[in-house]
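Take a look at the structure first, then read on.

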Amino acid sequence: MPPFVRVVPAIRTPIGIDGFDFSVPDQLAINIGDLVLVPFRHRPTPALVTETLSQTAFADRIKPISRTYADIRFPQSTVTLLKAVAARTFTSQPTVLKSWLRSPPKRPTPNVKRAWFRVPGSAPHAPLSHWSPNPENDLIQNAEQHLQKNERVLILVPWLTRAKRIHAAIPNARLYTNDLNDGDAFRSWSSFLSGETRCLVATRLGAWIGSFADIILLDEPE
C-alpha cells in the first residue's frame, strides 16, 4: 500500500484548489474511490481518495487519514465523473463533491456496508428510448419489472412533484431530492449504494449515483 494518498474533501474551495495529500496509517488499507475522514480545518471531514502516492512534497508535515467513512467505496468512474463535472462547470472538485454528499452524518448508521458497483467489463444495458402517452405509469411498470429481477433501479425525474408521485407508487423505494435534510439525503443514497434499497427515485441531483445501478430510467417529459 502506498504511504500517501491525495483526497478531495467535501468542502467548498476556490476553483483550482482540488487535491490534498495525507499519509495512510499502517492499519488502514486504502484504495482509490474510498470515502475517508481526514482532519481538515480542525474537524473530521469526509473526503474521496482520488490518487495513491509513493511520495509527496509535504511528507515532513503531512497529517494521517483518520479512518474510512461508513466503509463506502466509489468506483473509478465516480472519480472520473467528479473531475469531468468540475472542469465542465468551472468549479473546484471539492465543491462538486460537497454538492453530491452535502453534510453526511458524523456517525453514520453501522449497517452501511461496503458499496457494490458494476464490475468493469460487464455489459451495461443498451440505451433505449420509448415514447408513451402515459409515461408515469409506464415508467413505474418498467421499474417493477426490473425490481422483480432483483436489479437495482435508479429513476431520474426532472420535477420534484413528479418524483414524489413515482416514489409513492413503488413499494420500498427511497426518495433522493434537494428538499431532504442532510441526514435523510445520506440515508437515501447510501442505502442504494449498499444494496439495502433496490430502487431510488431522484431528481437529476442523483445522476452521480448511476454507476451503482443495474438500470437507469430517465423520465424526459419534454
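Start where a helix ends: α5 is followed by G195, and the phi of G195 is positive, near 95°. Keep in mind that this is a predicted model. Let's work back through the helix and then move on to a pocket.

**Helix α5**

- α5 covers residues 182-194, which makes 13 residues.
- From first C-alpha to last, α5 reaches 18 Å, close to the 18 Å expected at 1.5 Å a residue.
- At the start of α5, N181 gets involved: one of its side-chain oxygens comes to within 3.1 Å of the backbone nitrogen of G183.

**What's around the helix**

- α5 is largely enclosed by the rest of the structure, because 10 of its 13 residues are buried. Buried here means under 20% relative accessible area.
- Among the buried residues of α5 are F186, W189, F192 and L193, and also G183, where that N181 contact lands.
- What do the buried residues of α5 pack against? Their partners are the strands β5, β6 (153-156), β7 (174-176) and β8 (199-202), plus the helix α2 (93-101).

**The second largest pocket**

- This pocket has a volume of about 370 Å³.
- Its lining is made up of 17 residues, and R43, P44, T45, P46 and K106 lie nearest the centre.
- β4 gives the most, with four residues.
- Sort the lining by type and you get nine nonpolar, two polar and six charged residues.

Terms used
Residues numbered from 1 in each chain as written. Predicted model: local features only at pLDDT ≥ 70, side-chain atom pairs only at ≥ 80, totals over all residues. Heavy atoms only, no water. 1 Å grid on protein atoms, 1.4 Å probe; cavity = no way out; pocket = protein on both sides within 12 Å on 5 of 7 lines; lining within 4 Å. Points joined across faces, edges and corners; volume = space filled by probe spheres on them. Helix = DSSP H or I, 4+ residues; strand = E, 2+ residues; numbered from the N terminus. Nonpolar A, V, L, I, M, F, W, Y, C, P; charged D, E, K, R; others polar. Expected span 1.5 Å × (residues − 1). Buried < 20%, exposed > 50% of the residue type's maximum accessible area, 1.4 Å probe, protein only. Contact = heavy atoms within 4.5 Å. Polar contact = N/O pair within 3.5 Å; in protein donor to acceptor, adjacent residues only side chain to side chain.
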